[in-house]
Amino acid sequence: MTSKDLQALQNASVDSCDPGSLTDLSTISVDRSQPTSQRMTDFLEAIGNPYLFRVGEVVVKVKFNPSGKRFSDAVSDALCSD
């Protein structure tokens, strides 16, 4: 996935999405025995859009502070925490 692809996903609008078409985060499992890079790849493939997804019936739009943590660091932290 390129940075241009991620930018397009980041710009997806909650108002124009079909909640039923979004991936439910609670249905995704990550194999913690895999290296971090593989976990990130597997997660991105499973979630589809890491910026816009569902948790049950709740639509979630993720935004990051431009001066805060990088997206890849945040995902890596989430996938590596026990």
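Which backbone oxygen does the side chain of Arg39 reach? Here are some notes to read alongside the structure, which is a predicted model.

1. To take that opening point: the side chain of Arg39 comes to 2.9 Å from the backbone oxygen of Gln34. Arg39 itself sits in helix 2.

2. Arg39 has a relative accessibility of 11%, and because the cut-off for buried is under 20%, Arg39 counts as buried. Setting aside residues up to four places away in sequence, Arg39 touches Val30, Asp31, Arg32, Gln34, Leu79 and Cys80.

3. Now for the helix as a whole. Helix 2 covers residues 36–47, twelve residues in total. From first C-alpha to last, helix 2 reaches 16 Å, close to the 16 Å expected at 1.5 Å a residue.

4. Which residues of helix 2 are buried? They are Arg39, Met40, Phe43, Leu44 and Ile47. Looking down the axis of helix 2, these buried residues fall within an arc of 130 degrees, so they line one face of the helix. As a reminder, an α-helix has 3.6 residues a turn, so residues three or four places apart point the same way. On the face turned away from the buried side, helix 2 carries the exposed residues Ser37 and Glu45.

5. Phe43 is another residue of helix 2 worth a look. Its relative accessible area is 13%, so Phe43 is buried. Neighbours within four places in sequence aside, Phe43 is in contact with Leu25, Ile28, Pro50, Val75 and Leu79. Lys4 lies 39 residues from Phe43 in sequence, and their C-alpha atoms are 18 Å apart.

6. What happens just after helix 2? There, Gly48 takes a positive phi of about 80 degrees.

7. Further along come two strands. Strand 1 (residues 52–55) and strand 2 (residues 58–61) run antiparallel and are joined by four bridges. One of the pairings to look for is Leu52, whose bridge partner in strand 2 is Lys61.

8. How many residues lie between strand 1 and strand 2 in their hairpin? There are two, and Gly56 in the turn has a positive phi of about 65 degrees.

Technical notes. Residues are numbered from 1 along each chain as its sequence is written. This is a predicted model: local features need pLDDT of at least 70, side-chain atom pairs count only at pLDDT 80 or more; totals for chains, interfaces and linings use all residues. Side-chain values use heavy atoms; hydrogens and water are left out. The expected span of a helix is 1.5 Å times one less than its number of residues. Buried means under 20% relative accessible area, exposed over 50%, partly exposed in between (1.4 Å probe, protein chains only). The arc is that of the directions from the helix axis to the C-beta atoms. A polar contact is a pair of N or O atoms within 3.5 Å; within protein, one must be able to donate a hydrogen and the other to accept it, and residues adjacent in sequence count only if both atoms are side-chain atoms. Contact means heavy atoms within 4.5 Å. Two strands pair if DSSP finds at least two bridges between them.
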